[in-house]
Amino acid sequence: MKRRQEPQVIFVSGTDTGVGKTVFTAAFIRWLRQQNVPSLALKPLASGDRSDAEALHRAQDGAVPLDIINPWHFPEPLAPLLAARRSGRRVAPEAVLEHVRMASRGLDVVLVEAAGGWLSPLMEGMDAPGLVRALNAKVALVAANRLGVIGHLRLAWEAARAGDPRRGNHHEPRPQVVLMSPPRPGLAESTNPALLREFIPGEDVHEFPWLSRRLLRCDGSGDPTVERALSELAGRWSLAS
């Protein structure tokens, strides 16, 4: 793959907390590294614990220090903005942007995992839409395939589209939906993907097979369904040849 002057940033957000953002990000960064794409996965803000950042640390074989992956972390399990305030701290958007840019120097692709849902409060004066604009990032919207996901995803997808200044530019891909499959699909889970594609372009919806957190060390490597889902996404963003 031809080296870019600036890395391509993929911003991983979603409909809520606990929907699979870390599972997806960990699988994707391992896949990119296996394709020999110079890449990095970060989770700049974390609250409650650092388990998500530790999963990304393992997925990158410990090659990236945990404090680079996750420089800001707060003990209380709240939205990062509130968790920081209750810790007597303030996270400046400029500091987060500078950290991402410094950590990604010389790379082709950087995955930035957000905390919570698309409009969850992240820091003083900036949320996910602002970070996406500042980083000129493309967006992955992760959601758990379960009852109610159609409405949640339509809201998040439309909000992400509305906040993108490139909207209407056919050369820029729309937010990509990553629908995380459950271990045992029921009626809603089996019918959600087809219904979702009636409202969001089918090529923007990617079904990701079940991959439990205990399997994050291997991240589904070698599983053809996982590999196919990640390859399709990389193709939409022209990340790997």
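Reader: Which strands do the bridges join to strand 6, and do they run parallel or antiparallel?

Author: One is strand 1 (residues 8–14), joined to strand 6 by five bridges, and the two run parallel. Strands here are DSSP runs of E with at least two residues, helices are runs of H or I with at least four, and both are numbered from the N terminus. Two strands pair if DSSP finds at least two bridges between them. Within this pairing, I10 stands opposite K138 in strand 6. Strand 6 also has five bridges to strand 7 (residues 176–180), again parallel, with V142 opposite V178.

A word on what you're looking at: this is a predicted model, where local features need pLDDT of at least 70, side-chain atom pairs count only at pLDDT 80 or more, and totals for chains, interfaces and linings use all residues. Residues are numbered from 1 along each chain as its sequence is written, and side-chain values use heavy atoms, leaving out hydrogens and water.

Reader: Are the residues of strand 6 buried or exposed?

Author: First the general idea: in a regular strand the side chains alternate between the two faces of the sheet. Buried means under 20% relative accessible area, exposed over 50%, and partly exposed in between (1.4 Å probe, protein chains only). In strand 6 (residues 138–144), seven of its seven residues are buried. K138, A140, V142 and A144 point one way, while V139, L141 and A143 point the other.

Reader: What about loops? Where does N70 lie, and what does its side chain reach?

Author: N70 is in the loop between helix 3 (66–69) and strand 4 (72–74). N70 counts as buried because its relative accessibility is 0%. Its side chain reaches the backbone oxygen of K43 at 3.0 Å. Contact means heavy atoms within 4.5 Å. Not counting residues up to four places away in sequence, N70 touches K43, P44, L45, A46, R50 and A53.

Reader: And which residues does L122 touch?

Author: Leaving out residues up to four places away in sequence, L122 touches L45, P80, L81, A115, D127, A128 and L131. L122 sits in the loop between strand 5 (109–113) and helix 6 (128–135). At 3% relative accessibility, L122 counts as buried. L122 and A83 are 39 residues apart in sequence, yet 9.5 Å apart in space, C-alpha to C-alpha.

How values were computed:
Polar contact = N/O pair within 3.5 Å; in protein donor to acceptor, adjacent residues only side chain to side chain.
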